[in-house]
Amino acid sequence: METERMPSTGQGFKTLQDRKQVLWYDPVLISTFEINLFSPEWLQAEGKLRATSQGRNAAWFIHHDGVDMVLRHYYRGGLIGRVNKDLFLRQPVGKSRAMAEFSLLSWMYEQDLPVPRPVAARFSPVGIFYRADILTQTIPASETLADRLLHAPLDENTWHSVGEAVAKIHGAGVLHSDLNCRNILIDQSSKIWIIDFDKCERRGNGDWRDDNLARLHRSFVKEKTKQASLHWEEADWECFMTGYHKYQKQ
């Protein structure tokens, strides 16, 4: 059964629901949703799978109905993840991991923030638990900031743009719970994007922005420790902060 719904963001979307799952999707991007888009095996068999990214944050890059998308399955981390890789304690659909991220991204996309457009999200109940998946549009010809810095340094203006992108997110009151140099993308035109808003939320005033910036700074330091050839120095962080504060004053 398919129904029209309106999430808390105000953006129109559609819901598909049966005993096995609840799906939310954007009908503007995909007029008739294909449930198998959440199945890597089906995507592979149909020739829709373009590439994969392995590791804890595994992702599948796909093309369907003229849209390039990335599929992410939600996995558990830490010690729990060793015995329970992807089951989360069941809760209301709208508060589940994928739907919460879908709703936040929808709102942020409406605000013209530098984030990918959400395509669909899935909630799959399993007894007292659930599994979750999300589809977002890909950012064409892009790479993580960490990967770009392995090849070449960024110029001062680009660092200003990175600072401005983060300032836009913070200015909208969005806390990125895992803000690091691998969740920031740069495309071929040097536009900056921020991705992966799992467990992120909107907040009011407080010190959380400073804490968030400190987390991002630590990620550069950590990456530099792991990769001595990384083109990053403390002076680059100063350029970043110049762009951040410049946007705040606008």
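1. You are looking at a predicted model, in which local features need pLDDT of at least 70, side-chain atom pairs count only at pLDDT 80 or more, and totals for chains, interfaces and linings use all residues. Residues are numbered from 1 along each chain as its sequence is written, and side-chain values use heavy atoms, with hydrogens and water left out. The pLDDT is the predictor's confidence in each residue, from 0 to 100. The chain averages 91 on that scale, and 92% of the residues score at least 70. Please take care with residues 1-10, where the pLDDT is below 50. Beyond near neighbours in sequence, that stretch has 26 contacts in the model (a contact means heavy atoms within 4.5 Å).

2. **The overall picture.** The secondary structure comes to seven helices and 14 strands. Both are DSSP runs numbered from the N terminus: helices are H or I with at least four residues, and strands are E with at least two. The radius of gyration is 19 Å, close to the 18 Å that the globule rule gives for 250 residues, so the chain is as compact as a globular protein of that length. Here the radius is taken over C-alpha atoms, and the rule is 2.2 Å times the number of residues to the power 0.38. Along the principal axes, the C-alpha atoms fill a box of roughly 55 × 40 × 35 Å. Of the 250 residues, 50% count as buried; buried means under 20% relative accessible area, exposed over 50%, and partly exposed in between, with a 1.4 Å probe and protein chains only. Residues 24 or more positions apart account for 60% of the contacts with a separation of 6 or more.

3. **Strand β6 and its two partners.** Strands pair if DSSP finds at least two bridges between them. With β5 (residues 59-64), β6 pairs in the antiparallel sense over six bridges, and Phe61 stands opposite Val70 in β6. The hairpin of β5 and β6 has two residues between the strands, and Asp65 takes a positive phi near 55° there. Strand β9 (residues 129-137) also runs antiparallel to β6, joined by five bridges. In this pairing, Leu71 stands opposite Leu135 in β9.

4. Side chains of opposite charge can pair when their charged atoms come close. A salt bridge is a side-chain nitrogen of Lys or Arg within 4 Å of a carboxyl oxygen of Asp or Glu, and the whole structure holds 14 of them. One of these joins Asp196 and Arg72 at 3.3 Å, N to O. Asp196 sits in the loop between β13 (192-194) and β14 (201-202), while Arg72 belongs to strand β6, 124 residues apart. Arg72 is buried, at a relative accessible area of 18%. In another bridge, the closest N and O atoms of Arg131 and Asp86 are 3.0 Å apart. Arg131 lies in strand β9 and Asp86 in the loop between α2 (80-83) and β7, so the pair ties together parts that are 45 residues apart in sequence. Arg131 is partly exposed at 31%, whereas Asp86 is buried at 6%.

5. **The network from the opening question.** Asp147, Arg182, Glu223 and Lys226 are linked in a network of salt bridges. Within this group, the side chains of Asp147 and Arg182 meet at 3.3 Å, N to O. Because Asp147 lies in helix α4 (residues 145-151) and Arg182 in the loop between β11 (174-175) and β12 (184-187), the pair ties together parts that are 35 residues apart in sequence. Asp147 is partly exposed at 28%, and Arg182 is partly exposed at 34%.

6. **Helix α7.** The 15 residues of α7 (residues 234-248) should span 21 Å at 1.5 Å a residue, and its end C-alpha atoms are 21 Å apart, which agrees. The expected span is 1.5 Å times one less than the number of residues. Among the buried residues of α7 are Trp237, Phe240, Met241 and Tyr244. The buried residues of this helix pack against α5 (156-171) and α6 (208-226).

7. **An exposed proline.** Pro92 is in the loop between β7 (88-89) and α3 (97-110). Is Pro92 buried or exposed? Pro92 is exposed, with a relative accessible area of 52%.
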